[in-house]
Amino acid sequence: MATAEGTEPLVIAPTEDHSATVVFVHGMGQTNGSWLPILRSVVDRLPRVKWILPQAPNAPVTYSQGRIRPSWFNIESLPPCNCHDEPGVAASVARLENLVMSEVRNGTTSSKIVLVGFSQGAALSLMTALTTLHELGGVASLSGWIPQQSRQAMQQMEPSLPVFWSHGTADQEVPLSYGEESTTFLRNNLHFPADKVLFQTYEGLEHAVNEDVLNDLAVWLARILA
């Protein structure tokens, strides 16, 4: 059974007048706090942006032999297989939706809210952004994928959402082919215009981010939130 202990989001307040919000979703087995120093260079370049970093609940993960780990939904293997934890996905999508709704209620236009995620957090961000009724400002996937079982619900969406996708060529956990196939799905199945999907590969990068990824993310965020 998942627990909700210690799952309050971390919030980084803007240092200038608040004009936009980024929700950053960590990967499986990680904590939101571990991303604070990693994201600092991006945060500092966007002084009017509020950052919200939710924390996944602790739950048994089949891939980790049932060990309790922070996870947004259960997975059985890496690379991600077609197994699907529907209750876990639904609960986590609802958590992100609630964060978006809370920001909208507090006066932030939904088009100034962007979801960004790493690995499993990227998958969750994509599933949320591609099915929500809110017109978000964009979604960014860092080493992520779009789970097959979530795709049917995406068929009717309007393809106007800016997408940033970073993927390392040496990623063994979520291979580059998953990113390539997912962005092909966006273009061919959801009919995203080519200029809406920015797909960036990073030579030799494993399942991680580096300074180049963070710089490209900051540039993209600055452009879509201008």
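The structure is a predicted model, in which local features need pLDDT of at least 70 and side-chain atom pairs count only at pLDDT 80 or more, while totals for chains, interfaces and linings use all residues. Residues are numbered from 1 along each chain as its sequence is written, and side-chain values use heavy atoms, with hydrogens and water left out.

The largest nonpolar core contains 36 residues. A nonpolar core is a set of buried Ala, Val, Leu, Ile, Met, Phe, Trp, Tyr and Cys residues joined through side-chain atoms within 4.5 Å; buried means under 20% relative accessible area, exposed over 50%, and partly exposed in between (1.4 Å probe, protein chains only). The members that touch the most others are Phe-73, Leu-115, Leu-130, Ile-146, Leu-186 and Phe-192. Among the elements that give two or more residues to this core are strand S2 (20–25), helix H2 (86–105) and H4; helices (H or I, at least four residues) and strands (E, at least two) are DSSP runs, numbered from the N terminus. A second, separate core has 29 residues, including Ile-12 and Trp-220.

Ile-146 is in contact (heavy atoms within 4.5 Å) with residues including Arg-151, Trp-165 and Leu-186, when residues up to four places away in sequence are not counted. Trp-165 is also touched by Thr-183, which contacts Val-197 and Phe-199 as well, its neighbours within four places in sequence being left aside. Thr-183 lies in helix H4 (residues 176–188) and is buried, at 2% relative accessible area.

Side chains of opposite charge can pair when their charged atoms come close. The structure holds three salt bridges, each defined by a side-chain nitrogen of Lys or Arg within 4 Å of a carboxyl oxygen of Asp or Glu. In one, the closest N and O atoms of Asp-44 and Arg-40 are 3.4 Å apart. Both residues belong to helix H1 (residues 36–45), four residues apart, or about one turn of the helix. Asp-44 is exposed, at 51%, whereas Arg-40 is partly exposed, at 38%.

Glu-103 and Lys-50 form another salt bridge (2.9 Å, N to O). Because Glu-103 is in helix H2 and Lys-50 in strand S3 (residues 49–53), this pair ties together parts that are 53 residues apart in sequence. Glu-103 is buried, at 3%, and Lys-50 also counts as buried, at 18%.

Glu-181 pairs with Arg-151 in a salt bridge whose closest N and O atoms are 2.8 Å apart. This pair links helix H4 to the loop between strand S7 (138–142) and S8, 30 residues apart. Glu-181 is partly exposed, at 36%, while Arg-151 is buried, at 7%.
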